[in-house]
Amino acid sequence: MKSSARENNNFREDVLGRANVEDTPELLAYYDELEKMNTAALWTVANKIEPWFPQSSSVPVLWRFKELREHVLKSVSLVSPEKAGRRVIYLDNPGRRDVAAAVGWLYSGLQVMHPGELASAHAHSASALRFIMEGKGAFTIVDGHKMTLGANDFVLTPNGTWHEHGVSEDGTACIWQDGLDIPLMNALEANFYAVHPDLQQAVTYPVDDSTATWANPGLVPANDKWSHGYSPLLKYEWAPTYESLSRYAKVTDGSPFDGVLMNYVNPKTGGPVMQTIGASMQMLRPGEHTKAHRHTGSFIYQVAKGQGYSIINGKRFDWQERDIFCVPSWAMHEHANASNSEDACLFCFNDMPVMNSLGLYREEALKENDGHQKIID
């Protein structure tokens, strides 16, 4: 008897409408015959591959910036951007190590560059973003558009675009978070990667033209000819983002689950910034503690401001500025601001555009204990 056959009983369920076939010598021999033809009986795995609710292999993780920072900076003395391609320490979820994901089908890592360094230009099928954590003088070039970047700025390097990153000679060491859907592209077997034939690309537009053209509230250029599926606004600056949250907070009760939440959008369509990755910024007002809910979709948070904690599947994770944590799909979660005088802000990127486009989004609030989880030791 093969080990695979002995495992069949693990997936049996004594429920009408679910597979509940007992193994017999005749069936086990039949399964062996099917295996020789690269086939198998659905009822042996049906309950496993069609669960009652999402069964994420990802686990909640908190990556503390204070612990990571010295190791990220150490990589500068160990490898060059030329040798490494991209000098990044990626976030490795224990449940997703086989696909190098931080959560679900999303990848994240911390990249560091010193003044005067410039990574080679490249393009790939994966959609990508950068969220600046510290330093001065960072810049990104996307298809000829150069953008200067400061702390908590959010920049897109969309699917198929030539892009490169660097730090100006008069800058300081810069660290930013990279976010990509590399695992998703590999799962779809659709990933391509290319290095620019000249290694660097020319800047063919005025510096920061994307922001000057598309970041004006309620206004779009009259001669607009943008035809790409991703946002023409490639850089979302921190100052106007925080101002918008602060203004909105004065006129709304906010979400019981997310506080004051605003999505980064494509100004051309009002939809997500990229076809496969969405992003948001939320504010937790002083002392605010949201109620718990769960939903489909994978989420990676970075603390842009303040300190607090999140409870994910009954476990408490205390966070402070620049820490990163993840919420797996269908994990119950709630957030709290630890300060009674200062607000806290969480940047987030997620796979919600995929969930929504495929009609897969579902949400459920916790009804017990006034909507708050009991913490599991």
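**Labels and what backs them**

Strand E3 (residues 107-113) contributes the most to the lining of the second largest cavity, giving 3 residues. Keep in mind that this is a predicted model.

Q: Which residues line the second largest cavity, and what makes a residue count as lining?
A: A lining residue needs an atom within 4 Å of a cavity point. Here the residues are Pro 81, Gly 85, Arg 86, Arg 87, Gln 111, Val 112, Met 113 and Ala 119. By class that's 4 nonpolar, 2 polar and 2 charged residues.

Q: What puts the second largest cavity on the list of cavities of 30 Å³ or more?
A: The space in the second largest cavity is about 30 Å³, and the count at 30 Å³ or more comes to 2 cavities.

Q: Why is the pair of Phe 131 and Phe 347 called stacked?
A: There are 14 aromatic pairs by the rule used. For Phe 131 and Phe 347, the ring centres are 4.2 Å apart and the planes sit at 15 degrees. Pairing asks for centres within 6.5 Å, and stacking for planes under 30 degrees apart, so the pair is stacked. It also links distant parts of the chain: Phe 131 is in strand E5 (residues 128-134) and Phe 347 in strand E21 (residues 344-350), 216 residues apart.

Q: How do you know whether Phe 131 and Phe 347 are buried or exposed?
A: The cut-off for buried is under 20% relative accessible area. Phe 131 comes in at 0%, so Phe 131 is buried. Phe 347 is at 0% too, so Phe 347 counts as buried. Both belong to one aromatic cluster, along with Phe 154, Tyr 236 and Tyr 264.

Q: What makes Lys 146 a charge over the ring of Phe 139?
A: The distance limit is 6 Å from the ring centre, with a further limit of 35 degrees from the ring normal. The charged end of Lys 146 is 4.4 Å from the centre of the Phe 139 ring, and sits over it. Arg 316 does likewise over the face of Tyr 309, at 3.6 Å from the ring centre.

Q: Why is strand E14 (residues 278-284) called largely enclosed?
A: 7 of its 7 residues are buried, so the rest of the structure largely encloses E14. Gly 278, Ser 280, Gln 282 and Leu 284 point one way, Ala 279, Met 281 and Met 283 the other, and all are buried.

Q: How do you know that E14 pairs with E13 and E21?
A: Pairing takes at least two bridges. Strand E13 (residues 260-263) and E14 have 4, antiparallel, with Asn 263 partnered by Ser 280. E14 and E21 share 7, also antiparallel, and Met 281 stands opposite Phe 347.

Terms used:
Residues numbered from 1 in each chain as written. Predicted model: local features only at pLDDT ≥ 70, side-chain atom pairs only at ≥ 80, totals over all residues. Heavy atoms only, no water. 1 Å grid on protein atoms, 1.4 Å probe; cavity = no way out; pocket = protein on both sides within 12 Å on 5 of 7 lines; lining within 4 Å. Points joined across faces, edges and corners; volume = space filled by probe spheres on them. Helix = DSSP H or I, 4+ residues; strand = E, 2+ residues; numbered from the N terminus. Nonpolar A, V, L, I, M, F, W, Y, C, P; charged D, E, K, R; others polar. Phe/Tyr/Trp six-rings, centres within 6.5 Å; stacked < 30°, edge-to-face > 60°. Buried < 20%, exposed > 50% of the residue type's maximum accessible area, 1.4 Å probe, protein only.
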